[in-house]
Amino acid sequence: MTPRAEGRTAPPLTTADGAPVEVRRSARRTRTVAAFWENGTAVVAIPARFTAAQESEWVHRMLEKLHRQGSRRAQKRRQQPATDAGLAAHAADLSARYFGGRAVPTSVRWVSNQNSRWGSATPSEGTIRLSDKLRPMPQWVIDYVLLHELAHLLVAGHNAAFWKLLEAYPDTARAKAFLEGVSFATSRGLAAGPDTTNGGAPGQPALWPGDAD
């Protein structure tokens, strides 16, 4: 973070990973300082009475704290959830970080009979299923599929509001391209992957192999 210079317009604050930072001053906040993620932005809340020097010091401290928390979460994500309970806990963490905790599934589980889809959701029941063919893929790809299905609990279709939700996840475009590449290779017999010849159950939003919507 670059310190603010008196009399100059400071450049936009960003985290070490390049995410935008928003500093919120509050007259109701007298002593405490907080930092949290909100739709992909790191928010630091400070008392309105803070001087510029205090703001700079505390923003730096809180961004460091968010970075450490993110590192611990990344370590957990690298340890891929092997059980349905672990997958559900991870989905809750992703929902809290990117959707403000608004997507609350009743169950999240790995399934072996979902050969034509990477993932699917039943919004009326709050259930999410991920194909176990995702297991060998990078965690950031699995996270995208999880977020895709979590977003379906908030918006059933693939409309503008749905894709607006996924803008908060920085790897959305990369993960979509990755899955499209896997689907292309599979269709050419170049790699093992989901069988795209079987249809899915009607009425259930799903992320299909090669889905470019």
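Strand β2 (residues 34-38) runs antiparallel to β3, and five bridges join the two. Strands here are DSSP runs of E with at least two residues, helices are runs of H or I with at least four residues, and both are numbered from the N terminus. Two strands count as paired if DSSP finds at least two bridges between them. Along this pairing, Ala34 sits opposite Ala45 in β3, and Trp37 faces Ala42 in β3. The hairpin leaves two residues between β2 and β3, and Asn39 in the turn has a positive phi of about 50°.

This is a predicted model: local features need pLDDT of at least 70, side-chain atom pairs count only at pLDDT 80 or more, and totals for chains, interfaces and linings use all residues. Residues are numbered from 1 along each chain as its sequence is written, and side-chain values use heavy atoms, with hydrogens and water left out.

## The three-stranded sheet

On its other pairing, β3 meets strand β1 (residues 21-26) in the parallel sense, over six bridges. One of the partners there is Pro47 of β3, which is bridged to Ser26. Put together, the strands make an open sheet in the order β1-β3-β2, with mixed pairing. Its edge strands are β1 and β2, each pairing on one side only, and the average twist from one strand to the next is 25°. That angle, like the others given for axes, lies on a scale of 0 to 180 degrees between N-to-C directions; the axes are lines fitted to C-alpha atoms, for helices over the stretch in contact.

How many residues of strand β3 are buried? Seven of the seven residues in β3 (residues 41-47) are, so this strand is largely enclosed by the rest of the structure. Buried means under 20% relative accessible area, exposed means over 50%, and partly exposed is in between, using a 1.4 Å probe and protein chains only.

## The β5–β6 hairpin

Thr122 is found opposite Thr127 in β6. Four residues lie between the strands of this hairpin, and Gly126 adopts a positive phi near 75°.

In a regular strand, side chains alternate between the two faces of the sheet. In β5, Gly119 and Ala121 point one way while Ser120 and Thr122 point the other way, and all are buried.

## Helix α3 and its two partners

Two packed helices are described by the angle between their axes and the distance between the axes. Helix α2 (residues 84-98) packs on helix α3 (residues 139-152) at an angle of about 75°, with the axes 10 Å apart. That makes α2 roughly perpendicular to α3; the label covers 65 to 115 degrees, while angles under 35 count as roughly parallel, over 145 as roughly antiparallel and the rest as oblique. From α2, the contact draws on Leu87, His90, Ala91, Leu94, Ser95 and Tyr98, and from α3 on Gln139, Asp143, Leu146, Leu147 and Leu150. Contact means heavy atoms within 4.5 Å. By class, these residues are seven nonpolar, three polar and one charged. Here Ala, Val, Leu, Ile, Met, Phe, Trp, Tyr, Cys and Pro count as nonpolar, Asp, Glu, Lys and Arg as charged, and the others, Gly among them, as polar.

Helix α3 also meets helix α5 (residues 172-187), where the axes come within 9 Å and cross at roughly 100°. That makes α3 roughly perpendicular to α5. Trp140, Val141, Tyr144 and Val145 of α3 touch Thr172, Arg174, Ala175, Lys176, Phe178 and Leu179 of α5. The contact of α3 with α5 has seven nonpolar, one polar and two charged residues.

## Two positions around α2

Thr83 belongs to the loop between α1 (52-78) and α2, and is partly exposed at 47% relative accessibility. Although 27 residues separate Thr83 from Trp110 in sequence, their C-alpha atoms are 7.8 Å apart.

Ala92 lies within helix α2 and is partly exposed, with a relative accessible area of 45%. Ala92 and Val108 are 16 residues apart in sequence, and 9.7 Å apart from C-alpha to C-alpha.

## The protein as a whole

Five helices and seven strands make up the secondary structure, and along the sequence they follow the pattern β-β-β-α-α-β-β-β-α-α-α-β. Of the 213 residues, 41% are buried. Among contacts with a separation of 6 or more, 52% link residues 24 or more positions apart.
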